[in-house]
Structure formats: C-alpha cells, structure tokens
Amino acid sequence: MHIVRIDPTGDKDMTPSPHLNNPKVYIDTDTFIDLVSKRTRCLICCEPLNGKVANREHVLPKWILRKYDLYDKEITLPHDYKARQYGGHTMPCCKDCNSLLGKKLEQPVRQLTQGGYAKLQRLLDENGQRLLFTWLSWVFLKFLIKDGAIPINPDQRVKAVMQDKDTDWTTLHHIHCLARSPYTGAHLSPEVLGSVVILAIDDDRYREDFDLITVHETQTIMVRLGDLAIIANLSDSGRSMDIVHRFVLPARQERFTVLQALEICADMAVTTTRIESKPVYFTRIDRATGQPSIHADLPVYEANPVDPDTRAAIFELVYREHLPHLKIAGSDMSALQAIRENRLTFLEHRISRATGEIRE
C-alpha cells in the first residue's frame with residue numbers, strides 16, 4: 001500500500017496539514033482509481049482535461065518510436081486488448097505535464113541510454129538510478145492502463161473498476177506516486193527502489209533491436225534498447241535481488257541472448273511472488289514546506305517456495321511471441337509443453353544441471 005504521513009513540527013499544533021489534499025503534493029488511492037476509471041483528468045496533475053490544452057501522451061516515448069522505427073508496427077499486448085500500432089498507442093495528458101515529463105524524465109533517460117550498455121554503466125550514478133526507476137514506473141503504468149489489464153467496461157467504467165477484485169490498487173497507486181514524482185518533486189528514498197538488473201545483449205539472430213515485456217501481476221518490466229536490456233521489479237524494494245543473484249543470474253556471463261534475457265525477466269517476476277510480506281510505502285510530507293518524499297517500511301524478509309504453476313504461467317506470458325518459433329533439440333516436445341512442465345531454459349548454468357538438455 002501507499003499512504004501519507006505528515007512530518008511533526010515539534011509543537012502542539014495538531015491541525016491538519018494544508019498540503020494533505022493538494023494534488024501537487026499527493027493524491028490518495030481513491031482519487032487514483034477515479035483518475036484511471038473516468039480518464040477525464042490528466043494522470044499527472046489530476047486537473048480536468050476539458051479545462052486545459054490536452055496532448056496525446058505516447059505510451060512509448062516518441063524518441064524510442066523514431067529510433068527503432070516503431071510507429072507503424074503492431075504492439076502485442078499481454079491481455080489481448082484491441083490490437084493497435086505503436087504510433088497510435090496514446091493516452092490523454094495535458095500539454096503542460098507532457099512538456100514537464102519530456103524535460104525532467106524523457107530527455108535525461110534518452111541521454112542515459114542512447115549510448116547503449118557501456119555508456120549506461122559509466123553514467124549510472126545514484127540520481128540516474130532514481131531517474132531510470134521513475135521512467136520505468138511511468139512506462140509500466142501507461143501500458144497497464146492502456147492495454148486492458150485493468151478490466152474496465154467502456155460504458156460503465158467507474159462501476160466496473162470499483163467491482164474489480166483482482167486489481168492490486170494499492171500497489172498501482174504506489175507506482176503512480178513514483179511516476180508523477182517529477183511533477184510533485186517527491187524525493188525517492190533508497191529503500192523505495194525495486195530490484196533492477198541491467199544486461200548487455202549480443203544476439204544477431206534478432207533483427208528487431210527493441211523489446212518491451214510487462215508482467216502486470218508482479219509489476220515487472222523489461223525494456224530492451226539495442227544491446228541494452230533493463231529489467232525491474234517495481235514494488236519489491238529490492239527484496240528479491242538476493243534470490244536473483246543466487247538462483248537466476250549466471251556467474252561470470254557478461255553478454256546475453258534475447259531469449260536468455262527473457263528468461264531472467266520471467267524469473268525476476270517469479271521471485272516477487274515468493275515474498276511473504278510486501279513493503280509498506282508512504283509519502284512523508286513536511287508540514288511547514290509541503291515537500292514530499294517517498295519511503296518504505298520493510299517487514300522481515302521471508303521467501304516462500306516457488307509455485308510451479310505460477311512460474312509456468314509467467315514464462316508462457318513472457319515467451320508467447322516466441323513459442324511458434326522454438327524447437328526443443330532432440331525431442332518432439334513443444335516449447336509450450338516444456339514451459340508448462342518447467343523444463344524450458346536457455347541459460348547454460350541451468351542446462352548443465354538439467355536431466356535432459358533443452359535448447360532453442
């Protein structure tokens with residue numbers, strides 16, 4: 001969940017902070033649900049779109065669409081929502097917020113990533129990590145809202161959203177708080193940042209230099225830009241990194257194929273399902289200045305065993321575009337069957353331990 005706390009002033013004045021209900025500082029979960037369900041207000045500033053100059057915010061930023069020639073290519077959506085081209089995959093946003101995000105988020109992220117893996121590794125300092133994490137949160141949230149992962153009946157949106165029992169609104173509200181931090185000016189404390197893995201990709205079998213994978217249920221996202229792949233769990237406060245390093249990432253491997261990166265993405269999503277108690281996120285507001293900052297209370301870490309059915313379902317989602325093209329060497333088993341039996345792997349350290357080798 002994501003809640004709000006007011007910093008004490010040291011005096012006995014217990015009157016409510018004047019900044020508590022200020023959308024420029026913080027909005028609560030109910031207001032977030034209302035924003036998503038009605039879609040008549042800007043997702044960033046929360047003001048009515050009919051009273052402002054509205055723009056179409058591309059779910060994927062235009063600099064990515066241009067660089068990888070994606071405008072006319074079709075996007076594959078995880079929840080089989082109406083297919084559309086990348087260039088038309090947009091959502092309403094007011095002009096001022098669109099410009100602000102371009103200046104404070106998109107342009108700096110473009111500068112960080114446009115040189116590929118090697119340049120990002122050189123430039124990625126603490127501020128860059130926060131910037132990249134905020135950007136991933138914003139891209140993830142836009143795709144989740146746009147692709148039908150949240151079941152909304154177009155004719156009865158508010159009613160449908162409020163009756164939806166499966167959507168984790170508190171976690172999505174937290175991701176929204178992260179995504180709009182360039183607008184609110186909220187500082188992200190270190191414990192807020194989720195698990196992030198950055199991989200170097202070396203794979204000449206794939207002509208496409210761009211990939212986007214989202215596992216909505218675990219708040220996991222992977223973006224591949226040429227030889228750079230960035231994978232993040234957005235709502236685990238880094239709690240799954242120990243599992244990722246011990247059981248997912250191969251030791252001493254420096255470069256990865258696309259299929260290997262997808263496997264790491266799928267397993268990172270699986271790790272979040274093992275966490276027993278989730279972090280509690282909150283926005284702390286300075287009573288005097290109204291300055292917000294985002295923090296987390298971290299419970300004692302406990303990891304549950306992997307559920308085989310959950311793991312198979314996540315792998316099937318991540319690999320679904322590739323399934324028709326995958327063959328199991330020396331076997332009549334389909335790739336889908338191998339996934340459902342948790343026997344598909346492209347990582348050498350797993351193949352060496354497998355009873356039967358499974359390769360592309």
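Author: The expected span of a helix is 1.5 Å times one less than its number of residues. The model discussed here is predicted.

Reader: How do you know that helix α11 reaches close to the span expected at 1.5 Å a residue?

Author: Helix α11 covers residues 308-319, which is 12 residues. From its first C-alpha to its last it reaches 16 Å, and the expected value is 16 Å.

Reader: Which residues of α11 are buried?

Author: R311, A312, I314, F315, V318 and Y319. These residues cover an arc of only 165 degrees around the axis, so they lie on the same side of α11.

Reader: Why is H176 called buried?

Author: Buried means under 20% relative accessible area. H176 has 0%, so H176 is buried. Its place is in helix α7, residues 169-179.

Reader: What is H176 in contact with, leaving aside its neighbours within four places in sequence?

Author: I27, F32, L35, L43 and L141. Contact here requires heavy atoms within 4.5 Å.

Reader: Q260 is in helix α10. What makes Q260 count as buried?

Author: Its relative accessibility is 7%. The cut-off is under 20%, so Q260 counts as buried. Helix α10 spans residues 258-272.

Reader: What makes the approach of the Q260 side chain to the backbone nitrogen of T257 a polar contact?

Author: The distance is 3.0 Å. A polar contact needs a pair of N or O atoms within 3.5 Å. A polar atom of the Q260 side chain also lies 2.9 Å from the backbone oxygen of F346. F346 is also among the residues in contact with Q260 once neighbours within four places in sequence are left aside.

Reader: What share of the protein chain do buried residues make up?

Author: They make up 52% of the 360 residues. The secondary structure comes to 13 helices and 13 strands.

How values were computed. Residues are numbered from 1 along each chain as its sequence is written. This is a predicted model: local features need pLDDT of at least 70, side-chain atom pairs count only at pLDDT 80 or more; totals for chains, interfaces and linings use all residues. Side-chain values use heavy atoms; hydrogens and water are left out. Helices (H or I, at least four residues) and strands (E, at least two) are DSSP runs, numbered from the N terminus. Buried means under 20% relative accessible area, exposed over 50%, partly exposed in between (1.4 Å probe, protein chains only). The arc is that of the directions from the helix axis to the C-beta atoms. A polar contact is a pair of N or O atoms within 3.5 Å; within protein, one must be able to donate a hydrogen and the other to accept it, and residues adjacent in sequence count only if both atoms are side-chain atoms.
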